Amino acid sequence: MIIIGEKINGAIPSVKEAIANRDAELIRQRAIAQTEAGAHYIDCAPSTAPELEYDAMVWLIEQIQAVTDTPICIDSPNAKLLARILEEGHVKKPGMVNSVNEEGDKCETIFPLIAGTEWNVLGLTCDQDGIPYVTDKKIEIAKSIIDKADKYGVARENLHIDPCVMALSTMANAMEDFENAIIGIHEYAPTVKVTGAISNISFEMPARKYINSNCMAYAIKAGLDSAIMDPCNVDIMSTIYACEALTMKDKSGRKYNRAYRKGLIGQKKK
């Protein structure tokens with residue numbers, strides 16, 4: 001499982017305050033904690049007013065790169081801003097671009113810049129009409145993004161498709177929709193990775209950690225490849241390691257045992 005750490009996001013009140021006050025220590029601590037917990041990428045999402053986003057993004061990137069070599073996932077709904085960050089070379093090593101979709105020319109803006117490179121990119125299954133509530137429509141959008149990636153020379157194995165996990169509180173078949181989307185995308189393009197913001201499914205539900213952990217388990221069984229999540233959450237990380245062992249993605253449970261010895265699952269180290 002490829003883990004995209006979600007803890008540096010301006011939508012989180014403490015991070016929003018840290019960005020406003022340029023509190024480097026809080027950002028750096030979160031970058032280190034996510035790296036030590038096993039994140040493969042660290043999401044960098046200012047989530048600020050548009051006129052402040054570029055400066056905030058550059059500052060966040062500087063803080064993350066000051067304390068860790070973990071690749072950065074530059075995160076913004078503004079494809080032009082993401083393109084500027086790429087073109088100006090603020091990120092020292094290839095990471096991930098989050099995100100493109102079928103609204104406007106986002107794919108056409110980002111794909112030419114990362115074609116033939118080691119940069120990964122995340123594609124959302126939404127378009128000018130928003131996020132569809134029908135699984136087949138999500139798969140249709142995913143196919144279009146995949147075809148554009150092929151056209152521009154973006155390697156399929158560097159493409160992560162997010163079928164937009166829906167909230168169980170508003171969509172009773174949210175888990176079924178997620179599973180079927182994972183399966184359908186892999187049937188069309190087996191080497192494309194499928195990802196998801198797992199915690200979306202428990203929005204406005206009580207005891208959210210149980211919904212999230214079980215969603216992760218079902219999604220892994222369906223073929224989930226990566227996830228946007230909190231790697232410092234022992235419950236969800238324990239679910240990942242256990243499910244990968246049970247589904248033989250982690251043969252003989254070696255990763256599970258190693259994670260336990262490191263204190264990444266089960267009881268935290270004292």
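Analyst: Arg254 sits in helix H10, residues 254-261. The model is a predicted one.

User: Is Arg254 buried or exposed?

Analyst: A residue counts as exposed when its relative accessible area is over 50%. Arg254 has 59% relative accessibility, so it is exposed.

User: Which residues form the positive surface patch that includes Arg254?

Analyst: Patch members have over 30% relative accessible area and no salt bridge. Arg254 has 59% relative accessibility. The positive patch consists of Arg254, Arg258, Arg261 and Lys262.

User: How many salt bridges does a search of the whole structure find?

Analyst: Side chains of opposite charge can pair when their charged atoms come close. One of the pairs here is Glu140 with Lys137, where the closest N and O atoms are 3.6 Å apart. Over the whole structure, the search gives a count of twelve.

User: Which helix holds both Glu140 and Lys137?

Analyst: Glu140 is partly exposed at 48% relative accessible area, and Lys137 is partly exposed at 29%. The two are three residues apart, about one turn of the helix, and both lie in helix H6.

User: What is the N to O distance in the salt bridge of Lys209 and Asp235, and how far apart are they in sequence?

Analyst: The side chains of Lys209 and Asp235 meet in a salt bridge at 3.8 Å, N to O. Lys209 is in helix H8 and Asp235 in helix H9, so the pair ties together parts whose separation in sequence is 26 residues.

User: What is the nearest side chain of opposite charge to Asp75, and how far away is it?

Analyst: Asp75 belongs to strand S3, residues 72-75. Beyond four places in sequence, its contacts include Asp43, Glu53, Leu82 and Asn98. Asp75 is buried and has no salt bridge; the nearest side chain of opposite charge is Lys106, at 9.7 Å.

User: Which residues does Glu179 touch, leaving out those up to four places away in sequence?

Analyst: Glu179 is part of helix H7, residues 174-188. Its relative accessibility is 22%, so Glu179 counts as partly exposed. The residues in contact with Glu179 are Tyr218 and Ala222.

Note on methods. Residues numbered from 1 in each chain as written. Predicted model: local features only at pLDDT ≥ 70, side-chain atom pairs only at ≥ 80, totals over all residues. Heavy atoms only, no water. Patch = residues over 30% accessible without salt bridge, like charges linked within 9 Å, V, L, I, M, F, W, Y side chains within 5 Å. Areas by Shrake-Rupley, 256 points an atom, 1.4 Å probe, with all protein chains shown as cover. Salt bridge = Lys/Arg side-chain N within 4 Å of Asp/Glu carboxyl O. Lys, Arg positive; Asp, Glu negative; His and termini not counted. Charge placed at Lys NZ, Arg CZ, Asp CG, Glu CD. Helix = DSSP H or I, 4+ residues; strand = E, 2+ residues; numbered from the N terminus. Buried < 20%, exposed > 50% of the residue type's maximum accessible area, 1.4 Å probe, protein only. Contact = heavy atoms within 4.5 Å.
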